[in-house]
Amino acid sequence: MTANDKNASLAVIDYEALANKDGGEIQKLVQACESVGMFHLSLGNSQMKAIYEDIPNLLEAGSAFFSLPSDSEEKRQSLREGMERGYHAANTFEYYEIARDEYQQGKWALPGSLSPHEERITSILHGLNQVIHTVLAELCDAVQVDLAELSDDPMVPSDTALKLVYKPPVQEPGAVVQPWHTDFGLMTTMWYEEVSAQIPVYDAEGKRTEDWQAVPVVDGALLVNIADQLEAKCHGRLRSTVHRAVTPPGPKKERRGLVYLLRPYKGQDQGQDQGQDQH
């Protein structure tokens with residue numbers, strides 16, 4: 001599998017226009033989700049601008065946690081069994097995942113390094129949840145997909161979560177950190193400082209080739225992709241995006257990211273993959 005020098009050309013959806021039910025923006029969203037299943041969601045000029053601009057501050061706070069020794073008390077107490085919740089470490093990345101249901105119910109204990117930032121975490125979690133539900137509602141209404149069982153009530157158990165990701169400076173530029181996969185759940189929202197994802201190149205017949213193209217970072221925008229359960233519920237009309245995680249070009253350095261995963265169906269099967277799911 002090779003990566004070419006071209007960047008993927010993804011639609012940029014204006015969140016404010018979408019929230020105001022702009023017909024043209026909704027149609028652009030539908031086309032992006034039917035073709036690639038991935039798009040940029042611009043928040044820079046929207047009511048969610050402050051949430052977007054506060055994400056780097058949360059990631060900076062998270063650095064204090066990730067910089068702790070692997071055998072530190074905070075990290076050991078943050079380990080969780082089973083689902084991805086809590087702290088997990090692999091050779092090429094670490095993450096800390098906050099479960100929305102437990103957090104909203106007051107059952108989630110933040111590690112000491114993050115507890116001073118509880119207000120910021122709450123604000124970003126609420127904001128991204130509102131963003132992703134708004135996008136999903138407009139999309140499903142446009143393609144006539146009924147998600148009547150979907151609840152935004154945090155008292156209803158789910159696997160929806162906010163995830164802080166840390167990547168140490170160990171991988172060479174362009175190295176594949178995570179092989180190709182799709183996400184489980186309904187929809188995934190990501191924030192990264194640099195190019196960290198690639199999607200396949202498709203031929204004229206819509207078949208996936210062995211080539212990959214980089215997903216660029218768009219200033220003021222989140223990266224959003226369709227996940228497996230939404231593809232299943234619309235009988236394949238919307239595409240669950242095949243993608244992989246890579247090390248950005250340039251010198252080795254620490255890198256950070258944030259992911260919000262809409263996974264309302266607790267305990268469902270994981271997406272297709274060739275490796276461990278880091279988001």
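A disulfide is a pair of cysteine sulfur atoms within 2.5 Å. By this rule, the structure has zero disulfides. The model is predicted, so local features need pLDDT of at least 70, side-chain atom pairs count only at pLDDT 80 or more, and totals for chains, interfaces and linings use all residues. Residues are numbered from 1 along each chain as its sequence is written, and side-chain values use heavy atoms, leaving out hydrogens and water.

Start with the cysteines. Cys-33 is in no disulfide. Its nearest cysteine sulfur belongs to Cys-234, 9.1 Å away. Cys-33 is buried (under 20% relative accessible area, with exposed over 50% and partly exposed in between, for a 1.4 Å probe and protein chains only), at 0%. Cys-140 is in no disulfide either. Here the nearest cysteine sulfur is that of Cys-234, at 8.0 Å. Cys-140 is buried too, with a relative accessible area of 6%.

Now turn to two helices. Helices are DSSP runs (H or I, at least four residues), numbered from the N terminus. The axes of helix 3 (residues 49–66) and helix 6 (residues 118–143) come within 10 Å and cross at roughly 135°. Axes are lines fitted to C-alpha atoms over the stretch in contact, and angles run from 0 to 180 degrees between N-to-C directions. Which residues make the contact (heavy atoms within 4.5 Å)? Helix 3 brings Ile-51, Asp-54, Ile-55, Asn-57 and Leu-58. Helix 6 brings Arg-120, Ile-121, Ser-123, Ile-124, Gly-127 and Leu-128.

Technical notes
Contact = heavy atoms within 4.5 Å.
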